[in-house]
Amino acid sequence: MREETGLTDIRLYVSNTFEQYYHPKSDFIYMAPVFVGFVGEEEQVKLNEEHSDYAWFTFKEALQQITVPGNDCVLSFIEKHFVKVKPYT
């Protein structure tokens, strides 16, 4: 996170869910664990040279941006277990 965004005040949690999809052209299943990060309100994003832009979305807005099937389930899981309830410490 620090390298990509310059953010340092972050609390990370493992979500116990995975992003996954099948890539038919390469014939493989992509699986990646999903982490949830809470960022301090005073933090300012400072992108490195690999990135040109970023955006913050509400869950409703993020759901409208999804292009990969299954990501809606991941976002709903995060909202249910990390936003609507206080995450474990």
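**A walk around the largest pocket**

Strand E2 is the top contributor to the lining of the largest pocket, giving 6 residues. This is a predicted model, in which local features need pLDDT of at least 70, side-chain atom pairs count only at pLDDT 80 or more, and totals for chains, interfaces and linings use all residues. Residues are numbered from 1 along each chain as its sequence is written, and side-chain values use heavy atoms, with hydrogens and water left out.

A pocket here is an open set of points on a 1 Å grid where a 1.4 Å probe fits, with protein on both sides within 12 Å along at least five of seven lines, and lining residues have an atom within 4 Å of a point. There are 30 lining residues, and Gly37, Ala55, Trp56, Phe57 and Leu75 sit closest to the centre.

Threonine 17 counts as buried because its relative accessibility is 16%, with buried meaning under 20%, exposed over 50% and partly exposed in between (1.4 Å probe, protein chains only). Alanine 32 is 15 residues away from threonine 17 in sequence, with 8.8 Å between their C-alpha atoms.

Now for tyrosine 88, in the segment after H3. Tyrosine 88 is partly exposed, at 46% relative accessible area.

Technical notes: Helices (H or I, at least four residues) and strands (E, at least two) are DSSP runs, numbered from the N terminus.
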